[in-house]
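Dear colleague,

I am passing on a structure that may be new to you, and I would be glad if you could look through it alongside my notes.

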Amino acid sequence: MDLKLKIWRQTGPDVEGKFVHYPVHNISKDASFLEMMDILNEELVANGEEPVAFDHDCREGICGMCSLFINGHAHGPDDSITTCQLHMRKFKDGETIVIEPWRARPFPIIKDLMVDRSAFDLIIQAGGYVSINTGGVPDANAIPIKKENADLAMDAAACIGCGACVAACKNASAMLFVSAKVSQFALLPQGKIEAKQRVENMVAKMDDLGFGNCTNTYACEAECPKDISVANIARMNREFLAAKVS
Amino acid sequence: MTKLDSKVPSGPIAEKWTNYKAHQNLVNPANKRKIDVIIVGTGLAGGAAAASLSELGFNVKVFCIQDSPRRAHSIAAQGGINAAKNYPNDGDSIYRLFYDTVKGGDYRAREANVYRLAEVSNNIIDQCVAQGVPFAREYGGLLDNRSFGGALVSRTFYARGQTGQQLLLGAYSALSKEINKGAVKMYTRREMMDIVKIDGKARGIIVRDLVTGKLERHGAHAVLLATGGYGNVFFLSTNAMTSNGSAAWKAYKRGAYFADPSFVQIHPTCIPVHGDYQSKLTLMSESLRNDGRIWVPKKKVDAQKIQKGELSPVKIPEEDRDYYLERRYPAFGNLVPRDVASRAAKERCDEGYGVGNTGLAVYLDFKDAINRLGKNVIEARYGNLFQMYEKIVDENPYETPMMIYPAIHYTMGGTWVDYELQSTIPGLFVGGEANFSDHGANRLGASALMQGLSDGYFVLPYTMQNYLADQINVPHLATDSAEFEQTEKDVQDIIDRLFVVKGNKTVDSFHKRLGLIMWDYVGMARNKEGLEKAIVEIKELRKEFWGNVNVPGEKTGMNVELEKALRLVDFLELGELMARDALDRNESCGGHFREEYKTEEGEAMRDDENYMYVSAWEYKGDDQEPVLHKEPLVYENIEVKQRNYKTA
Ligand SMILES: Cc1cc2nc3c(=O)[nH]c(=O)nc-3n(C[C@H](O)[C@H](O)[C@H](O)COP(=O)(O)OP(=O)(O)OC[C@H]3O[C@@H](n4cnc5c(N)ncnc54)[C@H](O)[C@@H]3O)c2cc1C
Ligand code: SF4
Ligand code: FES
């Protein structure tokens, strides 16, 4: 296929960026989107130009490193997958594809399509764990857990921390990401003990870092590559209220 | 010649680790605060070690390439983690896990290390559950298990098809807790470029800030490398794009011996290669072999029609299918170890029975399992894997059998370490996939996660402390010494040289060529002639690289091409050592298959008399041959046999 790419280029965090047009030719429909980007970059390098910087690592949809806002959608037009799992067969020959970085104040641009998502790490550091040390823990089967709850916890724990929810939200809210972690622990007996401090600390940190409010548009759920449900946000709000009244 | 001292404690095997811990040196709490530890890597091994050492009170500095410690390559592990819990009551025990691992590794692993691994495996599961890792559970609320290749018991714990992710997020949460306390200082988007040695001891590292391009110096009383495996030397592998061999290679060039470099694992169930633009290969978890049956057509004409797209596999009647693993290995069937399954697939394809348009694929069929258990059960077990397959191949595996082919997956080789996981450089420890470890010549499924967490949570916090107990009088390391100065200059020189070349070929074009040499001659089947050729060709490629590579952009700021070039510089040297090691080993064992050494039935033929050793290579200089040291392997607790998966 032949495609017209319109890509955001920005040399560093504090400089102006702009769209640059690049045509690419003879792309196989079986190539992945990032392989298409590799082909473009090989051409740019061969012509002595700087390749387009973008984040990626596992290319299997699990590390959460890849991002990209493609034709107005976080992780592109296909549902329930990350950019690295997107394949060119989802596009039409001759199509123009607009490729932008995540745009959200708490995720400043580093270069081109790469952004700094360390704010997510800071939120986890504020409470996304069970405060136990290595060793001295009970046998793994000492506390049975209802399969249903374990499954729901796993659904929430599947979040890959990619930030698409923030990028998709007009308020740049991180509620889906935070609620996924809060829910995972709220559903497990191991996490219950610190539930109150956890939700308070994580929400406070989220607000501190400049993420916006949730106004229930559910754009986050629609773009989340791991189908994290907004039911987690409701659960977190319940946890938060419970923490406030107790 | 230095004698390799594995420092295995004396006494009966089941008591060695307990005795070690009872007699090792400890550091008192007040002194721990005076001691700095550097950890490179935040995968299972590095993440777990960082959290645990920090909890003990040491000052810990941690480094990783990705933008967050949560993204280390361990995140991609799918299938599961082994432990000898024997919850299913099917006859498992510490001894049996130990036995299976040594046997699976084709008797090329150090007995005492493997025993310790089996011993602490149960603690790992307890620890992870306490952290809130949502392992799969049964309706009664207890943990569920599945089977993996090379075992007759169900001992694998899992979290859907995302076990690595959940275990890593567990370690990451523990690490985050320590960062929040201020006890760990985390450095992301940093790549270690070299190790600094002072008076023969590892005392620090030089890192490159990948965002600014600046070199930084960091000093410490001890350094731990947990930098993962070097499978990307083959260009195409199931490893993440930034997985590399540089840290281990730099350690080698500073004096740490490199062990068994040629031992790589080729995983039997990966999605076949589809085009020359391809950047990586995708693994389909081995757990699929629990329910999928592997076959190719019995008749060559059928295979040819399938290759041309004239015949669909679902049209081939049962009697015309060759379930070759079940035929050749009746006791283990589709659950033979990875090396055996990979070679059997290659054998059928080489004979012309392969499927897919390249003929380099075999079927993994779920038809029988779906008929027996129902589609929803299969979906619950493997749903995300089926979805991943469909996204990539554009075929529905519930209806058409999956196509798979072997691919490079894991490196058993790595930095040589003793029982304490210390390299031949004092103060330099190595954990996880980066060390040559516990898997001998072949790793069993679900054992890498076990080893990474065992090293990180339960071994290194003890053994590093034993070393550090000696260091309490050494002040915090200043980084303005001549040694830091010189090492930083060495790194800067390589970067400068890369920019001087200004050639006209891209970094990846060289990497792809290296990958092809490695796959053809140092891959699934090797022989003397091919290996000798590989050594010559890699040398030539290296020369061409240094004469014609094009690294665009600047030395400062983010420069992805430079990062790739720096990793390739090391792969171009490491590849040669791998070929040399494979050439030295005139036998077939585990993943190392030398075509000259096989039985009449085509099975690997070991030579225990001459090759029952760990090869440990010593660097002698760029223009000199490395020197081979041998650590003899002694088996006192297990009877050494020819591996047999035909009968139980
Ligand atoms: C697709 C796939 C599936 C797998 N499935 C399973 C499974 O089901 N069960 C199982 O047991 N095993 C599995 N494995 C193997 C297992 O995942 C790995 O062996 C294991 O996770 C390695 O962990 P690690 O901690 O040693 O290294 P990694 O997780 O690879 O981490 C390496 C770390 O080092 C850092 N690093 C590397 N070089 C540098 C440098 N120069 N400077 C700074 N930082 C550096 C990286 O940033 C990263 O943080 C699988 C592997 C793959 C590829
Ligand atoms: S909730 Fe979904 S979109 Fe948001 S970070 Fe997690 S996986 Fe990404
Ligand atoms: S590159 Fe890892 S999720 Fe896309």
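Predicted model: local features only at pLDDT ≥ 70, side-chain atom pairs only at ≥ 80, totals over all residues.

Residues are numbered from 1 along each chain as its sequence is written, chains are lettered from A and ligands numbered from 1 in the order in which they are written, and side-chain values use heavy atoms, with hydrogens and water left out.

Between the chains, 72 residues of chain A are in contact with 75 residues of chain B (contact means heavy atoms within 4.5 Å). The area buried between them is about 6100 Å², with carbon and sulfur atoms giving 53%; buried area is the accessible area (1.4 Å probe) that two parts lose on being put together, summed over both. There are seven salt bridges between chain A and chain B (a side-chain nitrogen of Lys or Arg within 4 Å of a carboxyl oxygen of Asp or Glu), including one between D394(B) and R89(A), at 3.5 Å from N to O.

Chain B holds an open sheet of five strands in the order β5-β2-β1-β9-β17, with parallel pairing; strands are DSSP runs of E, at least two residues long, numbered from the N terminus, and two of them pair if DSSP finds at least two bridges between them. Because β5 (184-187) and β17 (428-430) of chain B stand at the edges with a single partner strand each, one side of each has no neighbour in the sheet. Strand β9 (residues 222-225) of chain B pairs with β17(B) over three bridges, and V223(B) has L428(B) as its bridge partner there.

Note on methods: Helix = DSSP H or I, 4+ residues; strand = E, 2+ residues; numbered from the N terminus.
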